[in-house]
Amino acid sequence: MVTLGVRRWETLADSVQGVNKRRNQDWYECRGAGTGESPLLLAVADGHGSAAHARSELGARFAVDRFMGLAAHFGRAAADCQGPGRLSRLMTYARDDFPRALVHEWRQAALGHWDRNRPVVEEASREPGTEEKVVLYGTTLIGAVLMPWLFVAWQIGDGDLAVVEHDGTLSRPLAPAEEDLGDETESLCGRDAWRSVRMHWAPVFEEARTPRLVVLSTDGLSKSFASADGYRSFVEGLAGRLAGEGGAGVREVLPRWLAEAARHSGDDTTLAAALRFARDAPEPAGAGAEAGGNEESTAVAAGAAEPDEPKTETET
């Protein structure tokens with residue numbers, strides 16, 4: 001069993017508004033060091049953005065904020081659950097209770113905002129029902145918790161969780177059996193939404209088997225490629241570049257990569273990633289810094305060499 005010893009991850013994250021979009025409907029956050037005392041928490045959310053979901057950029061923020069609070073509580077509970085029996089009980093909580101709590105808290109945030117910000121309407125207008133109010137804030141969400149002995153993630157709706165394992169293989173453990181068609185997707189605003197939350201549960205019993213790279217991204221990234229192979233190639237290329245030169249150079253050009261993806265997909269594009277680096281390696285510049293939602297990424301030294309960027313595929 002892996003101990004509480006220091007496990008450090010380097011994080012990088014950014015978000016780019018889609019072409020011809022009035023505002024960015026995505027939100028993200030990275031927090032923590034990946035240790036037993038300070039789990040690494042990652043989350044990205046993608047507000048739906050249509051007229052029926054007129055407040056979805058707020059819904060995305062609420063989703064990330066509520067996930068972060070619940071995930072921090074989960075991390076504290078997990079600190080005492082390294083034994084197999086206790087991990088089993090923790091897994092049951094993660095599978096059943098965590099999604100219920102997440103959806104409940106998100107709905108309360110959305111309804112609370114509605115009550116504080118009611119639209120000005122004619123007095124005779126009908127008061128919308130609870131579900132109609134919640135739909136205004138509709139959003140997807142992907143969130144993850146990384147600790148020395150546990151990696152767990154949750155997802156509702158589209159977007160991608162990509163994992164480069166310890167041996168270099170790439171997986172998408174939360175990809176649905178059938179991809180969503182068009183713009184239809186599951187959502188936090190759906191009835192009984194907690195039932196649609198998918199979970200990835202991966203205890204780490206040997207330190208050497210810890211994933212190398214974890215990538216969370218909204219569907220604006222994967223939609224920018226002509227095929228799923230293009231997205232996989234992007235993640236593999238990202239992993240190679242990060243392993244070769246760390247996060248500084250990649251962090252500098254990440255906004256341009258995402259802008260190129262947003263140009264091809266037409267959608268807001270957000271990525272949050274965590275790269276594991278050797279325990280004894282010096283901490284790279286910018287590592288460990290917390291990334292807030294949609295804030296500018298950490299700057300690197302002026303004059304740094306510009307790396308080659310993975311290419312998005314264009315449709316013919």
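Q: Which strands does helix α6 lie across, and at what angle does the helix run to β1?
A: Helices (H or I, at least four residues) and strands (E, at least two) are DSSP runs, numbered from the N terminus. Axes are lines fitted to C-alpha atoms, for helices over the stretch in contact, and angles run from 0 to 180 degrees between N-to-C directions. Here helix α6, residues 247-265, lies across β1 and β10 and runs at about 30° to β1. This is a predicted model in which local features need pLDDT of at least 70 and side-chain atom pairs count only at pLDDT 80 or more, while totals for chains, interfaces and linings use all residues. Residues are numbered from 1 along each chain as its sequence is written, and side-chain values use heavy atoms, with hydrogens and water left out.

Q: What is the strand order of the sheet that holds β1 and β10?
A: Two strands pair if DSSP finds at least two bridges between them. The order is β1-β10-β9-β6-β7, an open sheet of five strands with antiparallel pairing. β1 (9-16) and β7 (170-171) are the edge strands; each has a single partner, so one side of each lacks a neighbour in the sheet. Helix α5 (residues 228-245) also packs on this sheet, touching β1, β6 (160-164), β7, β9 (213-217) and β10, and its direction makes about 135° with that of β9. Contact here means heavy atoms within 4.5 Å.

Q: How many bridges join β10 to β1, and how many join β10 to β9?
A: β1 pairs with β10 (residues 269-276) over eight bridges in the antiparallel sense, and A13 has A272 as its bridge partner in β10. Five bridges join β9 to β10, also antiparallel, with V215 opposite A273.

Q: Is β10 largely enclosed or open?
A: Buried means under 20% relative accessible area, exposed over 50%, and partly exposed in between (1.4 Å probe, protein chains only). Seven of the eight residues of β10 are buried, so this strand is largely enclosed by the rest of the structure.

Q: Which residues have the most contacts inside the largest nonpolar core?
A: In soluble globular proteins, nonpolar side chains tend to be buried together. A nonpolar core is a set of buried Ala, Val, Leu, Ile, Met, Phe, Trp, Tyr and Cys residues joined through side-chain atoms within 4.5 Å. The largest has 42 residues, and F74, L141 and W154 have the most contacts inside it. β3, α1, α2 (84-116), β4 and β5 each supply at least two residues of this core, and α2 gives the most, with 11. A second, separate core of 25 residues includes V16, V164, A239 and L254.
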